Amino acid sequence: MTDINISIGNATFKNQVFMASGTFGYGIELADTVNIGLLGAIITKSITLLPREGNPPPRIVETLSGMINSIGLANVGSETFVKEILPQYDKSFLPKVIVNIAGSTETEYCETLKLIESVSSNIIGYEINISCPNVSKGGMEFGIDADLTARLTEKLRKATDRLLIMKLSPNVTDITAIGKSAQEAGADAVSAINTVIGMSVDINSRTSNISTTYGGLSGPAIKPIGLAMVHKLFTALSIPVIGIGGIVNASDAVEYILAGATAIQVGTASFRDPNSGPEIVVGIESFLDTNKISNFNDLIGRLKTRNKSVTG
Ligand code: DHB
């Protein structure tokens with residue numbers, strides 16, 4: 001059987017299937033329903049310095065091949081997270097845990113990370129959400145600006161030796177410019193893509209189906225966008241790229257890996273089937289066995305070029 005261990009920065013994972021932030025709670029809620037031990041990692045919902053109730057309803061709507069959400073970073077806040085949730089990631093909690101952090105200022109991101117660093121825990125690292133489309137302050141502001149991305153990454157890098165992943169927004173002209181800033185400032189990896197800004201309209205009430213008018217589109221509808229952006233990042237960067245966007249089965253995951261992803265995240269698919277992640281782990285293993293691929297790394301970025309790209 002193929003060895004599917006991977007390493008990113010100073011972290012190793014038993015496989016390349018991670019559960020995406022905001023779609024799998026803190027991981028603990030699903031431990032009885034899902035065989036979470038099969039997963040490479042889970043990424044927590046975004047934690048902010050203070051607790052947040054999030055945006056008013058309606059904040060989720062289904063769309064063709066996807067969904068739009070505007071949760072507004074609802075979460076328990078860093079203090080409760082550290083006191084009540086972090087200790088639950090003990091030795092019996094099997095998947096590696098990556099904590100996702102969001103904020104509206106540089107200081108807020110840094111204080112949240114430092115608070116988590118100040119206690120002993122088993123977490124493997126951090127994913128930094130610089131790409132939330134649904135808050136009025138911060139969030140995507142960082143992810144659309146190469147200088148802000150560099151500054152924030154540099155500060156966070158100084159505050160932790162753990163794995164540091166910057167989660168990039170697709171709502172930009174050139175995602176590689178932001179990725180390069182993150183890389184140069186010391187990020188171990190980038191993850192892409194976060195949600196694409198979208199809208200859905202109720203023609204009877206003549207209102208948006210989302211309270212904040214716009215939200216973040218996710219699911220299979222965005223897979224082609226994610227693939228293109230992952231491929232561009234893989235081509236432009238030397239650090240690993242973690243692919244996200246519309247992965248519902250092992251074949252989707254292999255598409256991302258061929259496009260250049262070292263690992264992938266399963267998000268929206270979990271809402272339909274919380275076991276999607278573990279099923280994708282098994283599916284990738286069987287793809288590798290069937291195709292007699294003995295080294296997983298032989299698949300990463302091995303997309304064959306048909307013609308020279310005209311869009312760069
Ligand atoms: C939210 C955060 C995100 O990063 C995203 O892509 C979509 C929604 C939120 O909490 O509203």
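A cavity here is a set of points, on a 1 Å grid over the protein atoms alone, where a 1.4 Å probe fits but cannot get out, and its lining residues have an atom within 4 Å of a point. The model you are looking at is predicted, with local features needing pLDDT of at least 70, side-chain atom pairs counting only at pLDDT 80 or more, and totals for chains, interfaces and linings using all residues. Residues are numbered from 1 along each chain as its sequence is written, and side-chain values use heavy atoms, without hydrogens or water.

Let's start inside. There is 1 cavity of 30 Å³ or more, and the largest cavity has a volume of about 40 Å³. Its lining is made up of Thr48, Arg52, Leu73, Gly103, Ser104, Glu108, Val135 and Lys137. Sorted by class, that lining has 2 nonpolar, 3 polar and 3 charged residues, with Gly counted as polar.

Now for the rings. The structure holds 5 aromatic pairs, where ring centres lie within 6.5 Å and planes under 30 degrees apart count as stacked, over 60 as edge-to-face and the rest as tilted. One of them joins Tyr26 and Phe81, tilted, at 6.0 Å centre to centre with 40° between the planes. This pair links distant parts of the chain, 55 residues apart: Tyr26 sits in the loop between β3 (17-19) and β4 (41-43), and Phe81 in helix α1 (residues 78-85). Helices (H or I, at least four residues) and strands (E, at least two) are DSSP runs, numbered from the N terminus.

Phe81 also pairs with Tyr89, again tilted, at 6.5 Å and 55°. Tyr26 and Phe81 are both buried, meaning under 20% relative accessible area with a 1.4 Å probe, protein chains only; Tyr89 is buried too. Together with Phe93, Tyr26, Phe81 and Tyr89 form one aromatic cluster.

Terms used
Buried means under 20% relative accessible area, exposed over 50%, partly exposed in between (1.4 Å probe, protein chains only). On a 1 Å grid over the protein atoms alone, a cavity is a set of points where a 1.4 Å probe fits but cannot get out, and a pocket is an open set with protein on both sides within 12 Å along at least five of seven lines; lining residues have an atom within 4 Å of a point. Grid points are joined across faces, edges and corners, and a volume is the space filled by probe spheres set on the points.
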